[in-house]
Structures are given as structure tokens and as C-alpha cells.
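Dear colleague,

I am handing over the structure that we spoke about, and I would be glad if you looked through it before reading my notes. The notes come after it.

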Amino acid sequence: MKYIDEFRDGEVAKTLAFKIARLAQPERSYSFMEFCGGHTHAISRYGLSDLLPPNVRMVHGPGCPVCVLPIGRIDMAIDLALHQGVILCTYGDTLRVPASEGLSLMKAKARGGDIRMVYSTLDALQIARDNPERKVVFFAIGFETTTPPTALAILQAAQEQMRNFSVLCCHVLTPAAISQILESPEVRQWGTVPIDGFIGPAHVSTVIGSRPYEFFAEEYRKPVVIAGFEPLDVMQAILMLIAQVNEGRAEVENEFARAVSRDGNQKAQDRVAEVFELRREFEWRGLSVVPYSALMIREKYGSFDAERRFKMDYKSVPDNKACECGAILRGVKRPQDCKIFGTVCTPENPVGSCMVSSEGACAAHYSYGRYKDMTP
Amino acid sequence: MSEVKRGYVRPLDLKHGRVDMTHGSGGRAMVQLISELFTRHLGNAYLGQGNDGAVLPAAVLNGKPARLVMSTDCHVVSPLFFPGGDIGCLSVHGTLNDVAVMGATPLYLAAGFILEEGFALAELARIVESMARAANDAGVPVVTGDTKVVERGKGDGIFITTTGVGVLPDGLELGGARVRPGDVVMVSGSMGDHGVAIMSQRENLTFEASIESDTAALHGLIAKLLATGADIRCLRDPTRGGLASTLNEIAGQSGVGMMLQEKAIPIKPVVAAACEFLGLDPLYVANEGKLIVICAAVDAPHLLATLRAHPLGVDAAVIGEVMADDHHFVQLTTAFGGRRIVDWLAGDQLPRIC
């Protein structure tokens with residue numbers, strides 16, 4: 001497959017692995033956080049850590065849209081489906097995330113909630129057109145990648161003057177999450193989470209560009225290499241990060257130049273700015289309440305805001321006590337450090353959100369890498 | 001005096017007619033549906049007797065009483081018609097294959113239909129004709145059946161359950177528990193065709209893939225494999241859950257592990273592209289006309305040649321081997337050079353594919 005196979009070439013990988021091993025200085029260790037779940041997935045799926053020397057370690061970041069969604073937000077969606085009689089449209093990944101009272105959207109569907117999986121916001125709009133007598137709510141989650149399509153759906157709904165369509169907006173912002181991690185005591189004071197650099201987001205960066213990361217590189221002296229989601233992209237980025245660390249540089253470099261520019265996608269940014277404004281604060285799973293880290297729908301488009309329309313209030317719900325998702329999302333713990341990993345918490349019966357999406361650190365390790373934890 | 005002949009019954013309106021509750025009520029309408037549609041297309045001496053059950057001769061193989069293999073399969077695929085097939089032929093192939101992978105020669109089929117009130121008789125006729133064609137091509141008659149009608153909204157057009165019976169020669173033991181370390185794992189062709197063909201037709205997906213379902217009856221191919229006398233440990237058709245789930249099933253049954261080679265697994269470029277686009281893994285996508293063969297290593301070359309000599313096995317390939325592993329992991333050497341688990345399917349990749 002063109003534009004795919006080239007980036008999964010095993011021979012090129014060997015060459016890169018050799019270069020990485022040669023460049024990494026044996027007397028020091030390198031710890032890089034891949035922010036995005038897409039990178040986490042690629043690392044696990046292609047067995048990439050097998051190709052890295054032991055002193056180069058990857059720390060999984062919080063960039064999995066499903067993982068960072070707190071229970072309270074899923075509860076709101078379930079409430080809409082079970083008690084407000086709406087057709088709730090959602091991306092497939094969100095269906096299995098555990099919520100309060102042992103529920104999930106999947107289980108709410110089995111209890112009679114009209115919950116439909118969609119691939120695109122446009123599918124949700126079409127469902128609203130096809131069911132004019134029903135209220136249709138799109139459960140909008142994700143980082144900057146999925147935000148423009150939501151903005152577009154709202155603009156389209158406004159143009160068509162649709163009265164039965166609204167959006168439960170849970171869109172979050174990448175730079176705010178990176179700041180939160182860099183400001184955390186584990187990174188700043190205690191040094192329990194050593195981060196020597198970041199692999200920067202792929203798809204998010206196609207929208208926001210590489211400019212927003214320049215602040216982190218300068219302010220926190222952390223190199224950032226923006227990389228695509230293919231395994232060779234990740235290898236190349238690791239090589240570039242090692243070079244920066246060795247040379248004492250902390251710059252933003254762009255490995256994913258085939259899709260990411262410094263300024264990003266201006267049209268997409270304009271649409272987002274037209275429809276959304278910053279939320280004063282938003283609770284993330286793992287990162288707790290982060291100021292100005294999420295978006296809400298502007299007053300002008302308030303009639304498409306499910307929170308306003310159904311007069312919903314967010315209620316914070318604590319995670320299961322045994323679940324280490326929070327620490328895993330901050331890079332403090334690895335999936336295999338969690339007591340319930342692979343026993344009580346499995347992809348079939350996830351306790352925490354990181355075990356749900358294939359981009360979640362726990363699901364990726366369970367599905368692809370857990371053989372490494374076993375003694376032969 | 002009416003011109004209409006005595007005893008005239010207005011035939012079923014197969015163009016515009018629809019299933020209604022009377023078609024399942026046990027009265028004349030039901031009898032008419034059965035005779036004008038089911039027995040007309042599926043008809044044979046057993047079905048034609050019209051009794052509550054079919055009386056079948058005792059199974060004999062080489063002059064001795066033979067063991068029977070029986071298997072049943074429910075079919076709820078949506079959409080009912082898809083590129084390369086429909087629920088009718090699928091319901092025949094699915095059950096025939098389940099009987100055949102046990103090593104048995106399929107002899108008879110039974111079919112149960114659950115119809116939804118309002119279902120177009122024209123579509124029902126198309127489905128029954130397709131079933132009849134598949135059964136006829138396979139040389140396995142549908143000897144008994146049943147029809148029920150549920151109220152509108154209580155079904156989804158049509159569900160079909162088929163049951164198959166076959167005879168198994170003495171001494172032939174195939175099964176998921178017979179696999180041993182050192183055995184070789186083969187597949188008869190490309191993975192994921194059926195699931196992607198179904199996916200390409202689903203209403204909320206607007207991509208058009210020129211891919212057809214691989215639905216096919218495999219007992220002919222299996223007979224050729226068995227005729228070689230090779231030590232085949234296990235045959236299985238990787239339907240729901242795809243190759244990955246089926247191999248995990250076998251690994252668990254036999255208490256072994258497996259190591260697959262990603263590069264060796266045949267996947268059509270169009271299927272790979274569609275899966276890439278949809279975020280699916282072709283190893284988990286369903287097949288309806290493919291076979292997994294696990295055999296002693298010494299027999300692998302011969303069996304591979306036999307597979308490739310058959311029209312349903314031209315793309316057959318050796319994809320990996322069985323190894324000792326107390327954790328029963330199915331692992332994969334990725335084309336990239338790393339190693340990973342090929343786990344059970346978690347959740348539901350594709351709803352209602354068979």
C-alpha cells in the first residue's frame with residue numbers, strides 16, 4: 001500500500017535501530033514520553049521496543065482521548081441516553097469506557113438507551129435529519145484532531161437550522177496537558193518521572209502546527225520531535241531526540257513534515273475558533289482539574305450545546321480505588337505496575353479507561369506486549 | 001358461474017407480496033409458502049414427504065456403521081445481500097464448513113427460518129434460490145425445515161439457522177486439542193475478505209471497495225487434503241473473530257503457543273487498505289471460505305501443494321509454527337522486525353457479519 005508500506009519497512013527499521021544503538025551513549029539513559037496514544041499503539045503493535053537499546057525507554061503519555069475522559073463525563077452521556085430519550089451518537093472507542101454504577105455506554109445500550117456508533121460527525125447529522133421527531137446528541141470527545149469535524153457539524157446544523165441536534169462537548173487541548181505533566185511534582189521536583197524529551201503528536205499537529213510546542217522546548221528545556229504514527233516515524237523521532245539530548249539542544253523538530261507545518265491548518269483553526277471558546281477548567285482522568293484545558297461551545301451556538309439544552313451539571317466521580325490509570329496517564333507507573341492489570345482489569349472487563357481503547361497504554365501492553373512480563 | 005377453475009389457489013405474489021403473520025400460523029398460507037417457495041427450490045425426496053421430520057438411512061461407511069458429525073449455525077448477517085453472496089448461500093456454506101472441518105463428509109442439512117412480518121417475498125425467494133443453488137452445488141440436500149413469523153419490529157427481515165449432519169471415517173480424529181509443538185500452521189488463502197465485503201455495504205460507511213465475500217463450501221477442498229493421508233492435526237474455518245481468535249482458541253485447547261510471520265499471511269491489498277482506513281486489523285476480520293490447516297511439519301509441503309492445486313486454495317501459505325508455551329500465547333514476528341502478541345479479539349470489531 002503506497003504511503004504506508006514505506007513507513008513500515010523492516011529493513012529500514014534495522015538500519016535505524018543500528019543508528020540509534022550507535023548514537024545512544026552507554027553511560028547515560030534516555031527517557032522519552034510519547035504523548036499520543038497513536039504512538040503508544042504503534043510502539044506496541046510493531047514490537048518497537050524490541051529494536052531499542054535497554055537504556056532508551058519510552059514513557060507512555062496521556063494522549064489517548066478515551067483514556068483521559070473522566071467517569072463523570074461518560075455518566076452525562078449515559079444520562080442523556082437513558083433518561084432524556086435522545087439518540088446518542090458516539091465514536092466506537094467510547095462505548096466500553098467504564099462509568100458509574102457498573103455501566104458503560106455499551107451496557108446502557110443493552111438497557112434500552114438508543115446509542116449509535118458513528119464514524120463521523122456527518123453521520124450524526126444525517127441521523128438527526130432522518131429522525132426529525134427525535135433529539136440527537138453527538139458525544140464529542142478528543143483532542144485537536146477531532147475538534148474541527150465537530151465544529152463543522154455545528155456550523156452545518158446552524159446553516160440548516162436543525163432543531164433536534166446538539167453536541168455534548170468534551171474536547172480537550174494537547175498543550176495544556178503537556179504543561180500539566182511538565183509542571184507536575186513527579187517531573188519538576190521529585191524526578192520520579194524522568195522525561196528527556198517528547199515525541200510530539202502527529203494528527204493533532206497537522207491541525208495546530210508545530211509552533212505551540214516551541215514554548216515547551218524553550219521554557220522547560222525539553223526537546224520535542226513531532227512524528228507520524230507509522231513505526232519508522234517513531235524510530236526516526238527517537239534518533240532525532242537522542243541527537244538533541246547528546247548535543248544539549250532543546251528544539252522543536254518536525255519529523256512529520258509530510259503533513260505538519262509550523263502554522264498548521266488555518267482553516268480548521270478558524271472553524272474551531274468560530275464555534276468554541278476555552279473552558280475555565282476541565283477535569284481529566286489522571287491529571288485532575290486542569291485550567292483552560294478544554295473547549296466549550298460559544299453562546300452564539302448555544303442552542304447546539306447539549307449541556308445548556310438539557311441543563312446538565314458535571315459531577316466529578318472518583319476512579320476505582322485499585323485502578324492506577326491516573327498514575328499511568330502521568331507516566332508515573334507502567335501498566336504492569338498496576339495490581340489489577342491483566343487479572344481483574346482486562347480488555348473484556350476494563351476497570352480503568354486505559355484498558356479500553358487500543359491507544360490506551362494498558363490495552364496496548366495487554367494486547368501486544370504482556371508476554372514480556374511472563375517468566376518462560 | 002365463475003370462470004375460475006375449481007381448486008384454484010392464487011399463487012404467492014413473489015413480486016410485490018410480503019410476509020404476514022398468517023405465513024407462520026400453521027394454516028393454509030403457511031403451507032402455500034412452504035410448497036411454493038421452500039419445497040419448490042429446495043425440494044428433494046426427504047423434504048417432499050412433508051412429515052415432521054426426515055427419515056434418513058443409517059450412516060454406513062465402507063460397509064461399517066459410521067460415526068456422525070452434527071453442527072448447527074445461526075445466521076443474522078446484515079445486510080442480507082452483499083458482494084459475493086447473501087444470507088442464503090452463507091447459511092449453507094457456514095454449516096457445511098463446520099461439519100467438514102471435523103473431517104466428515106456432509107450428507108444432510110436442516111434449515112429453520114425466522115421471518116419478520118412485512119419482509120418482501122421477492123427477497124425471500126432470492127434467498128431461498130441462493131440457498132438451493134449452494135446446497136445443490138455442494139450435493140447436500142436440505143431434508144427438513146421450519147418457518148416462523150414474528151411481528152414487525154421483532155426481527156430483522158430474516159434469520160436462518162441451519163444444521164448439518166455428516167459421516168466421519170473410523171480412525172480420523174481432527175480437533176483443536178491435537179496440535180503439538182513443531183506443527184506447521186497454514187491458511188488456504190487471503191484473510192479478511194468476507195468481513196470487509198460486509199463492511200463496504202454498511203449504510204453508514206460510504207467507501208466502495210471492489211471486494212467480494214469469500215463465502216464458499218470447503219468440503220471438496222478438505223476431501224482432497226484428507227485423501228493425501230497426511231497427519232492433519234486440526235482444520236478450522238476462521239469465521240467470526242478471524243484468524244487471530246481461531247488460533248487463540250486452538251492454542252488454548254492444545255495448551256501450546258504459536259509464532260506467526262506477519263509477512264507470510266496473505267491479505268489482499270484492497271482488504272489491507274480498507275482495514276487501514278477503518279482502523280481494523282485484518283487478522284480479526286471474518287472469513288467464510290477459508291481454512292486453517294495445522295499439520296505435522298513433515299506433511300506441510302505436500303499439503304500446501306494440495307491446497308494450491310484446488311481453486312479455493314490457490315493463495316494458500318504457511319504462516320507460522322506451533323511451539324511450547326505455558327501461557328498459550330499466539331505471537332507474531334512483525335514485518336517490522338519486532339514481536340507482539342496476537343490476542344483474542346476484545347469487544348466487537350464488526351457487528352453481524354454472519
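This is a predicted model: local features need pLDDT of at least 70, side-chain atom pairs count only at pLDDT 80 or more; totals for chains, interfaces and linings use all residues.

Residues are numbered from 1 along each chain as its sequence is written, and chains are lettered from A and ligands numbered from 1 in the order in which they are written.

The largest nonpolar core has 225 residues, and the members that touch the most others in it are Val137(A) and Leu168(A). Such a core is a set of buried Ala, Val, Leu, Ile, Met, Phe, Trp, Tyr and Cys residues joined through C-beta atoms within 7 Å; a residue is buried if 20 or more other C-beta atoms lie within 10 Å of its own, exposed if 12 or fewer, and partly exposed in between, with C-beta atoms placed from the backbone. Helix α11 (residues 231-247) of chain A gives the largest share of this core, 10 residues; helices (H or I, at least four residues) and strands (E, at least two) are DSSP runs, numbered from the N terminus. In chain B, domain 1 (21-50 + 57-168) and domain 2 (176-341) both give residues to the core, so it lies between them; these domain bounds come from an automatic or database domain assignment.

Between the chains, 26 residues of chain A are in contact with 20 residues of chain B, where contact means that the C-beta atoms, placed from the backbone, lie within 7 Å. On the side of chain A that touches chain B, the elements giving two or more residues are α1 (10-23), α2 (37-45) and α15 (361-369) of chain A.

Chain A also holds an open sheet of 5 strands with parallel pairing, in the order β2-β1-β7-β8-β9, where two strands pair if DSSP finds at least two bridges between them. Its edge strands, each pairing on one side only, are β2 (56-63) and β9 of chain A. Strand β8 (residues 224-226) of chain A pairs with β9(A) in the parallel sense over 3 bridges, and Val225(A) has Glu253(A) in β9(A) as its bridge partner.

Finally, Asn265(A) lies in the loop between β9 (252-254) and α12 (266-275) of chain A, and Asn265(A) is partly exposed, with 19 other C-beta atoms within 10 Å. The C-alpha atoms of Asn265(A) and Val207(A) are separated by 4.7 Å, although these residues are 58 residues apart along the chain.

With best regards

Terms used
Two residues are in contact if their C-beta atoms, placed from the backbone, lie within 7 Å.
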